[in-house]
Structure formats: C-alpha cells, structure tokens
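Please look through the structure shown here.

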There are 2 protein chains.
Amino acid sequence: MDGSHFLQIPGPTNVPHRILRAIAQPTIDHRGRPFGEMGREIRLGLQHVFGTQSDVIIYPGSGTGAWEAALVNTLSPGDRVLMVETGHFASLWSEMARRLGLKAELISTDWRSGADAKAVAEALNADRSKSIKAVCIVHNETSTGCRSDISAIRKAIDETQHPALLFVDTISSLASSPYFHDAWGVDVSVGCSQKGLMLPPGLSFNAVSAKALAASKSSRLPKSYWSWQAMLETAGSGHFPYTPSTNLLFGLREALVMLRERGLQQVWDRHALHARATRAAVSAWGLDLVCQDEKALSHSLTAVMMPQGHSADAFRTFIEDRFNMSLGNGLGRYKDRVFRIGHLGDFNDLMLAGTLSGIEMALALAGVPHKSGGVQAALEVLKTSGRETGAGAKENALLDA
Amino acid sequence: MDGSHFLQIPGPTNVPHRILRAIAQPTIDHRGRPFGEMGREIRLGLQHVFGTQSDVIIYPGSGTGAWEAALVNTLSPGDRVLMVETGHFASLWSEMARRLGLKAELISTDWRSGADAKAVAEALNADRSKSIKAVCIVHNETSTGCRSDISAIRKAIDETQHPALLFVDTISSLASSPYFHDAWGVDVSVGCSQKGLMLPPGLSFNAVSAKALAASKSSRLPKSYWSWQAMLETAGSGHFPYTPSTNLLFGLREALVMLRERGLQQVWDRHALHARATRAAVSAWGLDLVCQDEKALSHSLTAVMMPQGHSADAFRTFIEDRFNMSLGNGLGRYKDRVFRIGHLGDFNDLMLAGTLSGIEMALALAGVPHKSGGVQAALEVLKTSGRETGAGAKENALLDA
C-alpha cells in the first residue's frame, strides 16, 4: 500500500516514530541500575498522568489484565460488585467478575449515554447490609463513545455514605480526557498503554488508593501474577518482582516525556477539539451518533450509527481496501451496525482531515445515504479553534527531537 | 559507554537488530485481516519450536504469567501438585501454586543437579489415592544451570501408571536445547519470549496437550485473563479475545523466520558448543560449577560459584562498570555467592570470546583467586568444534537480510 496507514480505530493508536525508535533499543538487564533509574522515572511520570500521589502499578499485560488485577486484589469469592453496563466493555468487565467468582450486578443503560450517578446512588441506598464491595465504572466506553461523569458518581456515592470502593476503567480516556485519580476519589484506576499513551499494546496499570490498599489486606480471591503486594515491595527501587516488558517500558518513558513537553491541558484540549470537529462532520453527513447525551460525548472516539440496511463492516472493509484506513467495528449489540472513528493518541488536524475525507468519499462511493459537506464542516471547526498559530510546528519540533 | 553492551544474563538475551526493527513497525489493527494472517503464521512457527501439533497459546505477559495459566486452567482449589525444587525458579513456581490455593509438595534437591525421575516416581507411587493432579518440572533451571531429563521423568511417571499431568517450564531451554512437547508427553509447556526466542520480554506461551485440555473442562480455580477457552476459540482466525501485544508479535514472527532459516538442530548444536566452551574456561580458571551432574549441564547458561570470601555481586558490578557487560546474579540461596553466564539466544563464537575475556580480566583485576588461561581453553573448544567454515558468514547474511 502507498503512503501511511491511517490507524483510526479507538486504540491501538498511531504510535509516534519517536516511541517506535525508543522501543527498538537493545533490551537491558531488568535487574541492573539503569533499569531501576528508568523504572523510578516512569512511576513519577505515570503519577502525573493519572493525577495521583499514590502508587501506579505497571503490568506486562493488556488492559484486560489490569481489570482482573483491580478485582482479585481487593475482593473475596462471592463479593457483590455494582457495575453500570454503559456498553460492550463494561459488559465484558462484568463477565470477567462473574468468571472470577464475584456477584456482578449490572445497572443497564441504553448504550447511548454515560453511567447515571443517581442510579448508582439508588442501588447503594438499597443495599442496607452494605454488602456491595465495589462500584465499577468505565470512564470512556470505547464501544459507544459515551463518557461518564466520575466526579458526579463519586459525589453520589459519598452522599449515600456507602463504603463501596470505586473502580474506574480509564483505558480510553487516560491522557485524552481530563482524569484525576486523587481528586475524584477513585480507589483503583485501570489503564493501558495503547490509547492516549501512544504506545503499542502490552502494558497496563492500576493506580491504587490507600483505601484500596487497605481492602487488599483482607481480600481472599487467589492471586499471584496480578498481586499488588510484591509489585509495591519492589516499586521504590524501580524494579519488578518478575520480568517486566523492558522494551515497551523504553517506549513508555519516551511517551511520558512527550506528554510532559506538550502539557496535559494541551493534550486534553486537542482531543476535545478533534472530537468536536468529527461530530460536526457526522452531523453534516446527516448520520446519527451513538451517544445521545450532550454532556457525555467522548473526546477519544466518535461512534456512528450506520444507516438502516447498510453493513457497517462492509463499509469498513471498503475503506480499508480503498483508502488504507482502519476504523473501529461495532461491538456487542452494535455489531455491523456502528463504525467508530478513533481520534485519540498522537494525532493532529490534518490526520483528522484525512480520516474524515476517507469516510466522506467512501460514503459516496459505497452508496450510503448521506449529505456531503462533512469534511468542510470539520475544517470550519478546526480553522476557528483559536489555537495559536505555530503550535503545530512547535509540537512537530518536539516530536522529532 | 563505548561499543555494544554485552547482555550476558541468562535472559533477556541480546535481541538481534532484525527483530528490533520488526518490533519498531507501526502498530496495526489487531482485529484486521493482516493481523489475522500474522497470527496464523506465528502459531504454526511456535508449534514447530515447541515440537507439537497441539495448540500453543500466546499471552501478553511474562513467563510468570504462563506458569499461572498452566495451573489455573487445569486445577481446582486444594489440588495437590508435585514439584521438584531444582532451584530458585522451581521454588517461585511452588510459592505461586500455594498463593493460588493449591497444595504444592516439593521434592528437594541440592540445587546442583536436575530433577530425579526416580524420586518423582516414588512420590507418585506413594500417592495411592491418586490425589496428585500435576507434576511440575523446570526443564532448565535458570538459577543453577542444571537441566532435567524430561523424557526420563515422563517414562518414570508412565511406569507408575499415575494419571498426574506433566507441566514443564521450558522458559530458558526453548529454542536453545532440544525440546519436544509431543514426543515427551508434556501436558503443558510454559515458555516465554526473552530467552532462546531472542525477543524482549512481554510474551509467554502455553503449549497444551489434549489431556490438559480435557482437565481444563473440570478445573475450578477462578480464571479469566489466563483462560484457555476464549484463546482457543479465536486461535484459528489468528486473532485474540483481548488486545494482544502487537509489536512484540511482529518481533516473534521475525524470530520464527530466523529460527527456520537456521534450523533448530543448528541452533541447539551452537548452544551446546558454547556451553562446552564456557565450561572449559571455568575449569581452566579453577572455579566450581554450580551444576555437579555431568548429564544435567545446561546449554543455555553456566552458573559459577564465587570463591569463598568474595562477593559475586561486587564482582558483577565491577564487570558492569569496567567492561559494560551484565552477568546474571545469584538467586535464592546463591545470593551473592554465584554469578551466571548467559550464552543463549542470538550469540556467536566471538561474542562468547568477548564475554569470557571480560570475566577473566575482571578475575585478575578484582583479585579473585583463579588461574588464567580460561579464554584460551574456550578458544580451543571453539576452534576444533568441526563447524563448517563459512557457517558464520552464512548466518550473518541471513541475519541481516
């Protein structure tokens, strides 16, 4: 294929050359001093990105593993957990909880909005015996493009005075949307490498509050690989209790430097802008967003309903063959009915213009009912975004430094 | 530091440039067609390396995770497992089994030999109720440089007619020493990426026999991330049930091509030769090997006892500072008493000559009692190895292709 692939699934995201080069460095001794220095530097950087003073544990494993880690470190067989089924990933997390021997109770949604803080509070108020041990929320539901208000959920939990822990999946929001582990009173934040952190998949994270750590002391689910204890014992030295994923950590160190150079606020603002421009395009095309709640619109991805009678998967395959671009597929109840546009990670205005141009041309070529003008509408948003002139060049200079 | 680092720990091993370049390719959509093709190609290559027609499951995780996968997929709470404590890693595996709620029974050794097939048979014969569910053996004990005879252990188990499963850790023997999952009747082989497979850490493997698969149907240990079931359901398509470690899989595909180009027999022969040359050096220095059993000498690494009154860790630090080389440290009961020379993975005669030269110079400079002449003794072995002239050049041409 000519030119660069457009990897516009909502993660893994496009990995910057600078990070790919970092990953391609020769592997080093994970018990040696240079590794320890790197490990300590990375932990500090991760604390900044998670918005926490607490420990951030790093696993060689994907995000699914960090979900498991959150559960097995804090809970015991038969414990009740309250989850909100905001979409496919929340649903997978609840299935995992059941497989691990927990009682997962699901608050259902229409998969077109975020988690409802009031519904969470009602479920906790109804639990007079305080037997619900944790509330699990997916911050940014990657299958629907709906983002939940974690701060409001925290407030609602506090008002019930229920002692349940709060676990938040920040897999597709971390380093894309504002996220504050400490300020929002999250007990375990679950993250991974291949989204806003701009890395390939293979690393995942648990940020752990003091309350979660206390709960881990009496947790009885079996655990070894995911156990926080040994991880925390070695963390101060920058080392790991078993062999870490050294080369991905080279990449993570570089990603954290890049995020620091840009500043998290700029990164969040850029994601919000690209989400807004994408929605302007979808609206001009006359297509429906999956997310129907204005306040819950994701900054990381936009999920679009395919017009009735048209296959979203056939459309995605057409785009892949014709324009060398991958879009995200519909998941769960949206299988073949939705396509998802990822606009997170290492991304800029012109990559977005290319992405939306591919979709608009494909809509016409594949005979999907729509109005043209989506790209133009997006460019209007980008042009008038009030971004300082020269910001792009400045970022590029840093990127290639 | 000038020049290349000598990474002579017994894994992670020196990663060839060809694999580092493969890993640095842009990440692709793990649900797309090119990924599926890669996944299917990798599975075939892994079956060849494990010597099996059975499925080889690939985890985003390190070897420790694949240990856990072997246990949680086949066993139930309170099950008895028989392990042979050949060294530090066998001991860690048994601790993991206990943390997971299993009854791990350890046959002890002096940490200077392999597992005794007769002792395994005796323990199984004594188990009249057949309550031992699995025998766990570390094929090549990375902490001692002793290799166990898996074929003999299989035969001994068969003679007892005990139904226990056989789990083998081939972490530091795979693609270094001959290994035959099917021919040896292994039920679960546990492997990982950063040793003979020449990759960075971050991938691990379970090769699974039909008997192990049958056992998994009634296993009751909780599992989700490590569960074979979903892995096997998606394996035929080359895809994964959750996000795989895409870029390390790029490297694995390349590593499998390299191993096929060279041929496993040549790879095994080279490892045996380098082990023999290393022992010639150690013997000439007048130092003791940890491994005292002629038939159990490892092809992957050589563990050397530090003379009394000298710190092995101080010696390793001296070598690191002066010669830019990492050696393996003493583990468990050998802490500070042993250093380990890794000669596995992507390695050749001159890298070994450099490695041994560093050790010989450091022995002199650090005032460690020894005789000189170790390097010379190793060169005698390498010179007269009967390797065809031109083999090195031929391999190099393939390496840089």
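How are H10(A) and H13(A) oriented to each other, roughly parallel or roughly antiparallel? Before the answer, some conventions are needed. This is a predicted model, in which local features need pLDDT of at least 70 and side-chain atom pairs count only at pLDDT 80 or more, while totals for chains, interfaces and linings use all residues. Residues are numbered from 1 along each chain as its sequence is written, and chains are lettered from A and ligands numbered from 1 in the order in which they are written.

Helices (H or I, at least four residues) and strands (E, at least two) are DSSP runs numbered from the N terminus. Two packed helices are described by the angle between their axes and the distance between the axes. Helix H10 (residues 264-285) and helix H13 (residues 374-383) of chain A have axes that come within 7 Å and cross at roughly 150 degrees. Axes here are lines fitted to C-alpha atoms, for helices over the stretch in contact, and angles run from 0 to 180 degrees between N-to-C directions. H10(A) and H13(A) are therefore roughly antiparallel, a term for angles over 145 degrees, with under 35 counted as roughly parallel, 65 to 115 as roughly perpendicular and the rest as oblique.

Chain B contains an open sheet of 7 strands with mixed pairing, in the order S2-S10-S9-S8-S5-S3-S4. Strands S2 (56-60) and S4 (103-108) of chain B stand at the edges with a single partner strand each, so one side of each has no neighbour in the sheet. The twist from one strand to the next averages 20 degrees. Within chain B, strand S5 (residues 132-138) pairs with strand S8 (residues 165-169) in the parallel sense over 5 bridges; pairing requires that DSSP finds at least two bridges. Opposite B:Val135 stands B:Leu166 in S8(B).

Where the chains meet, 46 residues of chain B are in contact with 45 residues of chain A, contact being C-beta atoms, placed from the backbone, within 7 Å. The largest share of the chain B side, 4 residues, comes from H3(B).

Notes. Contact = placed C-beta atoms within 7 Å.
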